[in-house]
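Open the model in your viewer and keep the selection panel at hand. Each stop below says what to pick and what is there.

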Amino acid sequence: MSSASPEAVTESTQTATVTATATEPAIKAPELPVSAAAAAAAVSAAKCEVCGLQDSKYKCPGCMTRTCSLGCSNRHKAETKCSGTRDKTKFVKRSEYDDNILMSDYGFLQDMNRAHANLLHEVNAHGIGIPDKTNNRSAASTPAAQSSADGGPRFTMNRSQKNICSRAKTQRQVQIRYMSPGIQRSKVNKTVWASTWSRLVWTLEIAVPELEPGPTKWIETGFHDVCKLADLWNRLLAFSPKSAVSTDTNDADDKRKRARTEGTIKIQIPSDDGQEHQFRSSIKPEMLQNIKHRFGGKSASDLVWLMRVQDMPANKPTFCKIDADQPLYTQLRYQTVLEFPTVYVYSLMPSTWNGHEITIREACT
C-alpha cells in the first residue's frame, strides 16, 4: 500500500472545506427598517421650514412649523398669519400625547384656577357672598348661599329678599327664586311683602305673543296679590290719556317724582278686600292701542291666561292655566316664580312654543 504524503492530505482537506462552503446558502445581511427616502425626509424635516438652510431648533406652538431662529419665526407668523399660540382645547390623540402637551395642559389648568380666583375677588368686591352679620355666620353656611335645586350656585340674598321668600312660602305657598343682582330681571323687580296688609305686592310681567312682530311684553308694578288679572286687563282697555293723573306742577319734588315714573301710567283696580289699589304700568301707548284693536271685543274671561312652569326641559314646555277672575295669590299657590310672575295672554289656546309641543295643566298644582 502506498501512503499519501502530509502535504496531499492537507490540500485534500482544504478542497473539501471549500466545496462544502460553496454548497451552503448565502447569509443575507439584515435590511434596515428605514428606507433611503424616509431617511432623506427625516433629514429634510430637521431643516428649517422657512429658510430651508439651517437645522431647525424650534417648533411653532400653533401649527408645529419648524424654524431655526427668531427671524424665521417672525417671518413665518407674518406670512401665514399664525398667532403662535397653541389651541389648548384641541383634541390630541393618545399616541401623540407627550410631555410638552402635558405641561401645556397643566399651565392651562393653572390659568383657569387664576381666572376663577380673580372672579371670586370681583364678586366679593361687589358685596355678593359677604358674611351675614345678623347672626355672625358666614354666608356659605346660610341656606341662601348653598347650591340651588338644579345644582347651580346661588348668591346670598339680602335681608329683605329673605323676608319676602319666607313670607311668600309660609303665607302664600309660592316659592320665589332670585337671580344675580346684575341681571335685568332682577333690576326691575320691585316685589315687596306688605306687612300692613300681610300680602305680596308684585312686580308683574304681562306677555302677549300675538302682538308680534312688535313689542309683546310690559311690566306692572305694585300689583296686590288680592287683585284679579281680569280687572287689570279691563282697566287697561278702558284707560285713556284723559283719565291720567295730572302732572302740571312746578314743585321740584313733583318734577323729580314725575321723572322717575315717566313713561308709566297709574290705574286703580279693585280687590277682594273691598278696596282699590293703585299700580303702575309701563305699557307703551302704541302697544295699548294695538291690544285694544286686537282684543277690544273680548273680555278677560274669553282669553287664555297661562304661566310657564319652572324646571321643565326646554323641549317640553309646560304651562298651567290661570283663572283671571280669581285673586292672583290663589293662582300662584305651589308654584315657583323667577323673581316675579310672567303671565302669557292668548286669544286661543296655543299648541307649540318655540317649535315644541306645549303641555297644559288645568290648575296650578
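**Stop one: a strand residue**

Select V192: at 39% relative accessibility, V192 counts as partly exposed, because that class lies between buried (under 20% relative accessible area) and exposed (over 50%), with a 1.4 Å probe and protein chains only. This is a predicted model, where local features need pLDDT of at least 70, side-chain atom pairs count only at pLDDT 80 or more, and totals for chains, interfaces and linings use all residues. Residues are numbered from 1 along each chain as its sequence is written, and side-chain values use heavy atoms, without hydrogens and water.

V192 sits in strand β4 (residues 192-194). Helices (H or I, at least four residues) and strands (E, at least two) are DSSP runs, numbered from the N terminus. Beyond its neighbours within four places in sequence, V192 is in contact (heavy atoms within 4.5 Å) with I164, R199, L200 and V201.

**Stop two: helix α9**

Select residues 285-295, helix α9. Which of its residues are buried? They are M287, L288, I291 and F295. These cover an arc of only 100 degrees around the axis, so they lie on the same side of α9; the arc is that of the directions from the helix axis to the C-beta atoms. Turn to the face away from the buried side for exposed P285, E286 and H293.
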